[in-house]
Amino acid sequence: MTAAADRTVRTPSRWRRADRAAGGLALDLGLYAASAAFAAVTAATSTLPPHRAWGTVAAYGYLLAAVAVAVALAARRRDASSALAGLPARWAVAGLAWVTATMLPLVQQGVQRVAGRTDRAQEEVVVVEHAGNRLVETGTPYLGHDAIAALPADERLLGYTPYQPGMALFGLPRAVADGWWTDARVWFAVATALVLALAVRALRTDAPTDPTGRADRGALVLRGVQAATVLPICALTLATGGDDLPVLALCLLALALAAVDRPGRAGLAVGLAGALKLFAWPVALVLIAWAATRRSTGRLAAGALGVPALALLPALLVDRDALVENVLRFPLGHGLVTSPAQSPFPGQLIATALPAGRVVAAALLVAVGVGIAVRLLRRPPRTAAATALVCGYGLLAAILLMPSTRFGYLLYPVALLVWAPALTRPEPATYAPPDRGSSPECRRGTPGTAYT
């Protein structure tokens, strides 16, 4: 998994041809059209009110983006150099899709929620906002076991905060004022956009001098950003819940910084992600393995491990038992209530269908983790692209085998795997000297002729 990727990220030829067809516009059209269909089906069939509300608005947003791409394709057929078919235009369409399919339904649900619609946000939004309020009032975002037990039975689930302490910061605006702009999802979106902008900027500073290579890198970065923002697996998640998107964006930023040889900054980025959610911790460990190949383990680990530790310290000092109850006992299935994350992946099916199924599923998960750890020790990834592949496939295996999981978690491996090709270091431009025998000036040894 790591050795082949260390040489280069070789995408399958069929995918490469599909990605480059019509300058990338053909796949753009397919993605936006399929997303429009998915949103329409979600609006018509979902049993979750926030999802139906998202689909009703997002279907039109994706359809508008698909029409814009169709216009660009028509312009390209008339003139291959048309500005409507260029990379900047594709970025503009992606931005349009993000605004109309993510931000517009998000803001609409926030406004309706303030007006009294309690079915316009998923539970994680309420949990994060309650955590922010408790952080202001008590100094810790967590309720202890006894406090959760004292809640009515149907409210105990919302009493748990199964996140790292940093996630409560997104709930602070709601603790100050009650408005659509204080909805935690708004701040998830703001943080995601800012962090991804930093990731794109980092990769652009590493762009090759050759215009063709720069265009290829730009197209790969765009595809990665699309996977992390406008495709339904992320757009739906952000508009209705959203706590995973800042974590994902920070992981992508960390990998981008690793690609441009900034291990210290990469450590800070993935450390901030780890201060929000446990999903970032495996990414941090793989990045530390990458840093070991460059003799920069200390610089990366200082941020990757130090930032989450500093975030945990206040909660640990204020109420250690509450921290353990929320961050360890509840996710492991030992809380007063069970997690609602029960998507029918293999781990969940094994846990429910077999005798001692939870033990079997946990053993399989541990076995995969040990296998990846041994592989990292024996052959650590030497490039950021290889690191992204290890993280993507590793998280995919973990999500499939966890006894309690949900479909939305797939946004992590999908985005990481699509992001990997954009992290490949561009080859330096080479200069081919002129053929001495073919040029009269060279044969005469004209002064000023230079060779490198």
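Residues 24 or more positions apart account for 76% of the contacts in the protein chain that have a separation of 6 or more, a contact being heavy atoms within 4.5 Å. The model is predicted, so that local features need pLDDT of at least 70 and side-chain atom pairs count only at pLDDT 80 or more, whereas totals for chains, interfaces and linings use all residues. Residues are numbered from 1 along each chain as its sequence is written, and side-chain values use heavy atoms, with hydrogens and water left out.

The protein chain has 22 helices and zero strands, both taken as DSSP runs numbered from the N terminus (helices H or I, at least four residues; strands E, at least two). Of its 452 residues, 49% are buried, that is, under 20% relative accessible area, with exposed meaning over 50% and partly exposed in between (1.4 Å probe, protein chains only).

The largest nonpolar core holds 103 residues, among which Y32, Y62, L248, L287, W419 and L423 touch the most other members; such a core is a set of buried Ala, Val, Leu, Ile, Met, Phe, Trp, Tyr and Cys residues joined through side-chain atoms within 4.5 Å. Helix α13 (residues 244–259) gives the most to this core, with 14 residues. A second, separate core of six residues includes Y142, L312, A315 and A322.

Aromatic rings of Phe, Tyr and Trp (its six-membered ring) pair if their centres lie within 6.5 Å, with planes under 30 degrees apart counted as stacked, over 60 as edge-to-face and the rest as tilted.

| Pair | Centre distance | Plane angle |
|---|---|---|
| Y160 and F330 | 4.5 Å | 15° |
| F279 and Y412 | 4.7 Å | 10° |

Y160, in the loop between α8 (156–159) and α9 (172–176), and F330, in the loop between α17 (320–329) and α18 (346–353), are 170 residues apart, and their pair links distant parts of the chain. Both Y160 and F330 are buried. F279 lies in the loop between α14 (263–274) and α15 (280–292) and Y412 in helix α21 (residues 411–419), so this pair ties together parts that are 133 residues apart in sequence. F279 and Y412 are both buried.
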